[in-house]
Amino acid sequence: MTFAPEGDPHPTEVRPHGGHCRLFFPDPQDATVPRARAFTYRRWHADGRFDVDFVVHDGDGPAARWLRRAAPGDAIGWRHGGPPKITLQEPGAYKSFLVADATALPLVSALLETADATRPVEVLLLPDADGPLPRLDPSRDVSVQSGRSVEDIEARLRLSLRGHSLFLAACEAGAMRRLRRLVLDGIGLDRSQVVTSGYWKAGLTTEEVDIAKREASWFGDGAFPDGEALPIRSRIARFPKVGQGPFS
């Protein structure tokens, strides 16, 4: 789906493919309080529009409900986030490993499309990651493998991941923790080489996940996404005004 921010056609100075934003959907129980959901910028266009990939499903959440009824010209709130935590745009001789489930396919697709052509990449897909990935030049050193379980992915990493590799895991939080512990403690990568993100967690709502991500237990090793422990209240207090963005 393509969104066109109102007003300034170039609303942000940095428009990274694979970056993140928040979209604000109407809450059917309280129309005065929009419900925020995080999404990946699949790509940006030169005229300031941006694409977001959605999976339309039978859920009853605010995003799923809005998507089923959306029509060209409808407007929702939008807040720009920032660039992805990982980039493959620089040349590199060592293979990068990207582990993803269905929720991270937009990020992986954007990373592959913008990666340096000489950089070797291996994509390891978790069982539910059945969406399409971009078609790439066959001369590029990019391989895609699907695992039947997290254990399959772990076995592949033990076999192939080396000390100079760059590693990304973007998936359900429980799987993310297992893979993070494996590459840090079992394989011995430095934290500077490891980027992990739990996009969702089985049994928790989106709002509960947003709170859990600010706790030291989220990664299982006391690390915080921004490198330091900040109280939840200080983050919420800086919530900025929401812009409006109709899509076309």
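Glu154 is found in helix α3 of this predicted model. Its relative accessibility is 8%, so Glu154 counts as buried, the cut-off for that class being under 20%. Apart from neighbours within four places in sequence, the residues in contact with Glu154 are Arg178, Leu179 and Leu182.

Two packed helices are described by the angle between their axes and the distance between the axes. For helix α3 (residues 150-160) and helix α4 (residues 173-186), the angle is about 20 degrees and the axes are 11 Å apart. That angle makes α3 roughly parallel to α4, because angles under 35 degrees count as roughly parallel. The crossing of α3 past α4 is right-handed.

By class, seven residues of the contact are nonpolar and four are charged, with no polar residue.

Elsewhere in the chain, three strands form an open sheet. The strand order is β1-β5-β4, and the pairing is antiparallel. Which strands stand at the edges? They are β1 (2-3) and β4 (43-44); each has a single partner strand, so one side of each is left without a neighbour in the sheet. Between β4 and strand β5 (residues 50-51), the antiparallel pairing runs over two bridges. Arg43 has Asp51 of β5 as its bridge partner.

Ala102 sits in the loop between β7 (96-100) and α2 (105-114). Is Ala102 buried, partly exposed or exposed? With a relative accessible area of 27%, Ala102 is partly exposed, because that class lies between the 20% limit for buried and the 50% limit for exposed. Setting aside neighbours within four places in sequence, Ala102 is in contact with Asp128 and Ala129. Ala102 can also be placed relative to Val55: the two are 47 residues apart in sequence, and their C-alpha atoms are 9.1 Å apart in space.

Notes. Residues are numbered from 1 along each chain as its sequence is written. This is a predicted model: local features need pLDDT of at least 70, side-chain atom pairs count only at pLDDT 80 or more; totals for chains, interfaces and linings use all residues. Side-chain values use heavy atoms; hydrogens and water are left out. Helices (H or I, at least four residues) and strands (E, at least two) are DSSP runs, numbered from the N terminus. Buried means under 20% relative accessible area, exposed over 50%, partly exposed in between (1.4 Å probe, protein chains only). Contact means heavy atoms within 4.5 Å. Axes are lines fitted to C-alpha atoms, for helices over the stretch in contact, and angles run from 0 to 180 degrees between N-to-C directions. Angles under 35 degrees count as roughly parallel, over 145 as roughly antiparallel, 65 to 115 as roughly perpendicular and the rest as oblique. A crossing is left-handed if the near helix is turned anticlockwise from the far one by less than a right angle, and right-handed if clockwise. Ala, Val, Leu, Ile, Met, Phe, Trp, Tyr, Cys and Pro count as nonpolar, Asp, Glu, Lys and Arg as charged, and the others, Gly among them, as polar. Two strands pair if DSSP finds at least two bridges between them.
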